[in-house]
Amino acid sequence: MTLQTGERYTRRVSPFGVSLLAVGIVLLVFGIYWARYVGGGVLAFVILFTGLLLAIEEAGLERGGHQKLWVNRSVVSPGPEEVAPLGEQKTEIRNNTNDLVNRLGITGFQVEKVAWGPSADQIRNVASGECHFDHNELVLSSRLRSTLNVEDWTPLIAVSLIYDKKLMPRIFRTRRLFAILWVLSLAGLGVLMSLPGNSIIALPYLLWLFAPLVIGIRLAGGTDFRMRLLANSEAGDLVGRDRLAGVLAKIGEKQPEPVPGLEEYDRVPTISERLNRIEPVGSEFQDPQVRRVKGSLQVQQNALTKTALQKRHTRLLFALIFLICLLVPTIAFLVWDNSVCPRITVIPAGTQIVVGPVSHSDYPFFVSNVIWDSRSMWGAFTATQPVTMYIMTASQFGSFNTTGTIGSYLFSSGLVSSATYECGGRGCPSEPFAHQGQEYVTIYNPNGLPSTITITQDMYVGGC
């Protein structure tokens, strides 16, 4: 198999999974934000995440989760004199890989193809910066093509095999269970968003829902890092730690040590860290070249780690300053709002009001402070006969109380048997409001029969 320059390598994603994903997104928007019924919200989430999981499964992300969906490979085409040796080299590497597969007891997998692929900075690898598996194809990093021989690749392939085929499938099964439970919880959020009166419940539920997700992502990064190092240890036990160390030292001598990504949750261990992990306990490596390269890399690692820590501390400092600048004004505003613009209860919950035929009942209150033009009012009531609730200024109420005729007013509920202000969902009535100064809540009964009004939630003026 010969690759041509600029050959395009594409991972196919399941059309069925992508279609379900698209349908799910449409239903999500329609079911939650427009339809506003429970079945629509749940169905939207089910289809959305079913499609997402299918797309991930078909894209191969379940095998460690560090591969891109689409990758361009640009490699140098071999000259005519290189074609035969390169074919023999690939065949020998393939045979060595399948021998490792059998020694590790991996079932249902055999390597059929070997290809030179992009370097580590062009594609997220599986276990190291040297090679990864793409279904039945082994992809070797082209940046090491002139550095390593056939035998050198065997320990590195063993590392990737152990990580990709032995360790990560077990980890991914746990993550899949966590993902299913989280999706079910997210469907619960869809139910809340589909119900009226959800504004208070939805926010803490959302915070509770995303807290384990953020924690899980951070813990997953640490687990991946430990699994990568464990794969190096087990590969060293399989092929010989000195042999693996010799290959790593050869790479470390030819390639510069990367800056440790201390802020990355899924960073790959450096050559120095991998050598430290497989070094025999209580002794050193036998090969003096390995010891020399390890010492040199350790010095570089310490210097780079110090630089990375300084950058991390700088970022943390700026993050802390940002949080202070964000939280201090917010807390100050809340304290000011509660002290200067406290909640004003006009009619407490449980109050029953009997209003006679063509009559009204009024409740005065005084608004001392506002920030903008007005302050919102909240509450709920029911009535045995339809009534109208008005919010009036002192002059408006004075005119109405004198003439008995409704003139001007700030807010009218319209003729209703019940009303709820604070539902937070679609189809809620417009909110009542009050201006600064003396105001009145007036309940007017235009019927020929008396009406009993029950306040089911506090009728109150909110903060500024």
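A salt bridge is taken here as a side-chain nitrogen of Lys or Arg within 4 Å of a carboxyl oxygen of Asp or Glu. In the predicted model, lysine 294 meets this criterion with glutamate 279, the closest N and O atoms being 3.6 Å apart. The two residues belong to distant parts of the chain, 15 residues apart: lysine 294 is in helix 8, and glutamate 279 is in the loop between helix 7 (271-278) and helix 8. Lysine 294 has a relative accessible area of 16% and is therefore buried.

By the rule above, the count of salt bridges comes to eight. Side chains of opposite charge can pair when their charged atoms come close. Another of these pairs is formed by the side chains of arginine 243 and glutamate 151, with an N to O distance of 3.2 Å. Because arginine 243 lies in helix 6 (residues 241-254) and glutamate 151 in helix 4, this pair ties together parts that are 92 residues apart in sequence. Arginine 243 is partly exposed, at 35% relative accessibility, and glutamate 151 is also partly exposed, with a relative accessible area of 41%. A further salt bridge is formed by aspartate 458 and arginine 343, whose closest N and O atoms are 2.8 Å apart. This pair links distant parts of the chain, 115 residues apart, with aspartate 458 in strand 14 (residues 451-461) and arginine 343 in the loop between helix 8 and strand 6 (344-347). Aspartate 458 has a relative accessible area of 25% and counts as partly exposed; arginine 343, at 47% relative accessibility, falls in the partly exposed class as well.

Overall, the secondary structure of the protein comprises nine helices and 14 strands. Of the 464 residues in the protein, 42% are buried. The accessible surface comes to about 23,800 Å², and carbon and sulfur atoms account for 61% of this area. Among contacts between residues at least 6 apart in sequence, 79% join residues at least 24 apart.

The interior was examined next. In soluble globular proteins, nonpolar side chains tend to be buried together. The largest nonpolar core in this model holds 43 residues, of which Leu138, Trp153, Ile157 and Leu161 touch the most other members. Helix 4 (residues 150-194) supplies the largest share of this core, with 11 residues. With neighbours within four places in sequence left aside, tryptophan 153 is in contact with Ile93, Trp116, Glu130, Cys131, Leu140, Ser141, Leu144 and Leu148.

Helix 6 has 14 residues and, at 1.5 Å a residue, should span 20 Å; its end C-alpha atoms are 20 Å apart, which agrees with that expectation. Its buried residues include Leu244, Ala245, Val247, Leu248, Ala249, Ile251 and Gly252. Isoleucine 251, located in helix 6, has a relative accessibility of 2% and counts as buried, since the cut-off for that class is under 20%. Beyond its neighbours within four places in sequence, isoleucine 251 is in contact with Glu130, Leu144, Leu148, Leu156 and Ile271. Isoleucine 251 and leucine 144 are 107 residues apart in sequence, with a C-alpha to C-alpha distance of 7.8 Å.

Valine 358 has a phi near 45°, a positive value in a residue other than glycine. Most residues other than glycine have a negative phi. Valine 358 is placed in the loop between strand 7 (352-355) and strand 8 (359-367). Its relative accessible area of 55% makes valine 358 exposed. Glycine 398, in helix 9 (residues 394-403), is partly exposed at 28% relative accessibility. Glycine 398 and tyrosine 440 are 42 residues apart in sequence and 10.0 Å apart in space, C-alpha to C-alpha.

Technical notes:
Residues numbered from 1 in each chain as written. Predicted model: local features only at pLDDT ≥ 70, side-chain atom pairs only at ≥ 80, totals over all residues. Heavy atoms only, no water. Core = buried A, V, L, I, M, F, W, Y, C linked by side-chain atoms within 4.5 Å. Buried < 20%, exposed > 50% of the residue type's maximum accessible area, 1.4 Å probe, protein only. Helix = DSSP H or I, 4+ residues; strand = E, 2+ residues; numbered from the N terminus. Contact = heavy atoms within 4.5 Å. Areas by Shrake-Rupley, 256 points an atom, 1.4 Å probe, with all protein chains shown as cover. Expected span 1.5 Å × (residues − 1).
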